[in-house]
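Please look through the sequence and the model below before reading on. The report that follows takes up the fold, the contacts between side chains and the surface in turn.

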Amino acid sequence: MRRVEEIEAAIRKLGANEIRALAKWLEAYIARGVSEKKPAPPQDVYAKWCGRGRLPVGRTTDEYLAFIRDANSG
């Protein structure tokens, strides 16, 4: 809860007009439908990752993985 405490301390330093403006913004933000749920991760992480890049020409997948894991290979 450290973040909440930091936010509360920062709000206490604001002037009355700034606090009113912040309260108004928060009301509008909540009205837009703030959800406490975090977005669900993709169902199939492998499918999302697959095809995101191209292997260097002339290298196998195993050779490429060895290359990216060890900067001195090649």
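Is Glu6 buried, partly exposed or exposed? With a relative accessible area of 43%, Glu6 is partly exposed, where buried means under 20% relative accessible area, exposed means over 50% and partly exposed lies in between, for a 1.4 Å probe and protein chains only.

## The model and its confidence

This is a predicted model, in which local features need pLDDT of at least 70 and side-chain atom pairs count only at pLDDT 80 or more, while totals for chains, interfaces and linings use all residues. Residues are numbered from 1 along each chain as its sequence is written, and side-chain values use heavy atoms, with hydrogens and water left out.

The mean pLDDT (the predictor's confidence in each residue, from 0 to 100) of the protein chain is 80, and 76% of its residues reach 70 or more. Among the elements, helix 1 (residues 2-12) has the highest mean, 93, whereas helix 3 (residues 45-49) has the lowest, 69.

## Helices and surface

The protein chain has four helices and zero strands; helices (H or I, at least four residues) and strands (E, at least two) are DSSP runs, numbered from the N terminus. Of the 74 residues in the protein chain, 0% are buried. The accessible surface, computed by the Shrake-Rupley method with a 1.4 Å probe, comes to about 7,500 Å², and 57% of this belongs to carbon and sulfur atoms.

Side chains of opposite charge can pair when their charged atoms come close. The structure holds one salt bridge, a term for a side-chain nitrogen of Lys or Arg within 4 Å of a carboxyl oxygen of Asp or Glu. Arg2 forms this bridge with Glu6, and their closest N and O atoms are 3.5 Å apart. Because Arg2 and Glu6 are four residues apart in helix 1, about one helical turn separates them. Arg2 is exposed, at a relative accessible area of 57%.

The ring centres of Trp25 and Tyr29 are 5.0 Å apart and their planes lie at 15°, so the pair is stacked; rings of Phe, Tyr and Trp (its six-membered ring) pair if their centres lie within 6.5 Å, and planes under 30 degrees apart count as stacked, over 60 as edge-to-face and the rest as tilted. Both residues lie in helix 2 (residues 16-31), four residues apart, which is about one turn of the helix. Trp25 is partly exposed at 45% relative accessibility, and Tyr29 is partly exposed at 37%.
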